[in-house]
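Hi,

Here is the structure I promised to pass on. Please open it, then read my notes below.

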Amino acid sequence: MLTTSASPIAAIDPVRPTPGSAAPLRAPTVSAKAATTAAPTRMSVGNVNAFYGEKQALFDVNLEIPDNAVTAFIGASGCGKSTLLRCLNRMNDTIPGASIEGQIRMDGIDINSPAVDPVQVRTRIGMVFQKPNPFPMSIYDNIAYGPRTHKLAATKTELDTIVEKSLRGAALWDEVKDRLKSSGLGLSGGQQQRLVIARTLAVSPAVILMDEPCSALDPIATAHIEALIDDLRKHTCIVMVTHSMAQAARVSQVTAFFNMGRLVESGPTDQIFTAPKLDQTQDYITGRFG
Amino acid sequence: MKELSPAARARYFRRQLVDRLMGGLCVLAAGIGLVLLGLILWMLFSNGIGGLSLSVFTNSMAQPGAAGGLANAIVGSIIQVGLGAMIGAPLGMMVGVYLSEVGKDSRFASVVRFVNDILLSAPSVLIGLFVYQIAVSPLGGFSGFAGALALALIAMPIVARTTEDILRLVPQAYRDGAVALGSRENEVVRKVVLPAAFGGILTGVLLAVARIAGETAPLLFTSLGNTNWSTDLTQPMASLPIAIYRYAGSPYPEWVALAWTGAMLITVGVLSLNILSRFSHAAISGKQGG
């Protein structure tokens, strides 16, 4: 870890909140919808084009992602919403042939700048996948994975505290506190998804990306996760890709609609769902296409 | 059922006949294999069990007429196979990890994979001659170490191949999850991928050990064989396959009987390793839950 706060690496250091982020992190949110307009920008996407080899997946995308809010990406399959999500924490770097143009900034720092280590980016920006992917190890070890990797706990007691806090944060503590040593794979699908959310929370990310986090879950487990997302939003910035328009309407404050690799329209969720500016958005939302 | 036309009836019976014929041939083929295996085992045990006595394990090989055993050959085999596995297995695992996690489909990895496949199917006598060239003639004589080296060269490609195959079975979701938590490549492999594949890799190593335990040809020009008790790695060393090879062709009945007993011991050892490998795999997969 570097110490100079002027360097971009220090600015996204996982253990130390940056000066810019401290205020919005503690700002109390009054009501779900009011947060939309009040929250400052956490991430901004500027003129982004993304490619898989020759094939262009994103065309000139511009978007501001507010803090302390859920931003939902909606659109038909192959519209580029997951690509953009994976660009936000540089997960696309791991795909051979993937490349990106334009700027993605977090707290004003270009995360694609050569001075920035992608590993640091991913420590500050967590990700939850479509299919729950607990590691084949105990519940405790799953949560402790991140803190151990980044040496966030000096003692066993500190690690225990982080594990408990993360599991409580993901509303899973009461269900698993008596069997922390048993395998994470023994949990139900919904519990597994909360386990991986807890695993993400354990490294205190400023942003959590979720790629259709409920699509592999039943309605009751979905309701649990949605309640959890609404809770997490109070302290973090959440970006979620979803195929369910109802889910976007239920949990998000900002909605961005994508089609054919372009951002068609974005704005407060209320406005997108009740008074979209473009006919194309209207058509998608009302189910006339897609 | 509706009455069928004569032509349809003929077709029906023809298909039924072919079906039964094919099924019968498959059962016959499986039966031939089983009977042959049974005959081999029967022959081995009926000829070998008679020679089994305590002196086989306590006495070294001796002149015809004297009370000889196989103690030096058993211990020599254990030393050479053990050392060979200790050299070959880690090397093979590293090659497997490289192929699956680092090189993947790169040009160099393809070449390595191709060469490994050639090594896998190389005649073992060739491996023996190669080791003779590099470790016997330059160092001035046959040695147990050269034998172990030859066995290591046979074990390495087997372990490399099984390790790669097993690692490729580890779900990509585990790697993505670890990367998204800010792990570096080596951390992903060390902390998530290898532990998840541990049972399978262990199985591969045990099967490689079983394979080299029965190898004769690579030892002919390397450790040579030794009728006296010796655990000195710099001197010629006895081994069960070589003892069998020498004794089975001898004119002395007590030597031939010892050869049968030795063959039975190797077979029992290899069978136990195979059973153990299945057992360990099941036990470890069971521990990870599912």
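How many helices and strands are there in chain B? Chain B has eleven helices and zero strands. Helices (H or I, at least four residues) and strands (E, at least two) are DSSP runs, numbered from the N terminus.

Some ground rules come next. This is a predicted model, where local features need pLDDT of at least 70 and side-chain atom pairs count only at pLDDT 80 or more, while totals for chains, interfaces and linings use all residues. Residues are numbered from 1 along each chain as its sequence is written, and chains are lettered from A and ligands numbered from 1 in the order in which they are written.

**Chain B**

From the N terminus on, the elements read α-α-α-α-α-α-α-α-α-α-α. Chain B is more spread out than a compact globule, because its radius of gyration is 25 Å, well over the 19 Å that the globule rule gives for 290 residues. That radius is taken over C-alpha atoms, and the rule is 2.2 Å times the number of residues to the power 0.38. Along the principal axes, the C-alpha atoms of chain B fill a box of roughly 80 × 65 × 35 Å. Of the 290 residues in chain B, 38% are buried. Buried means that 20 or more other C-beta atoms, placed from the backbone, lie within 10 Å of the residue's own.

**The sheet in chain A**

Chain A holds an open sheet of six strands with mixed pairing. The order is S6-S7-S8-S3-S9-S10. Two strands pair if DSSP finds at least two bridges between them. S6 (125-128) and S10 (262-268) of chain A are the edge strands, each pairing on one side only. From one strand to the next, the twist averages 15°.

Now look at S3(A). Four bridges join S3 (residues 70-74) to S8 (residues 237-241) of chain A, and these strands run parallel. Another four bridges join S3(A) to S9(A), again parallel. Ala72(A) has Met240(A) as its bridge partner in S8(A), and stands opposite Thr255(A) in S9(A). Phe73(A) stands opposite Val241(A) in S8(A).

Is S3(A) mostly covered or uncovered? It is mostly covered, with five of its five residues buried. Val70(A), Ala72(A) and Ile74(A) lie on one side. Thr71(A) and Phe73(A) lie on the other.

**Helix H4 of chain A**

H4 (residues 81-88) lies across S3, S6, S7 (207-211), S8 and S9 (254-259) of chain A. It runs at about 150° to S8(A). Axes are lines fitted to C-alpha atoms, for helices over the stretch in contact, and angles run from 0 to 180 degrees between N-to-C directions. Eight of the eight residues of H4(A) are buried. Among them are Lys81(A), Arg86(A) and Leu88(A). Arg90(A) follows H4(A), and its phi is positive, near 60°.

**Where the chains meet**

The contact takes 25 residues from chain A and 18 residues from chain B. Two residues are in contact if their C-beta atoms, placed from the backbone, lie within 7 Å. On the chain A side, H5 (118-124), S6, H6 (139-149) and H9 (189-201) each supply at least two residues.

Best wishes

Terms used
A residue is buried if 20 or more other C-beta atoms lie within 10 Å of its own, exposed if 12 or fewer, and partly exposed in between; C-beta atoms are placed from the backbone.
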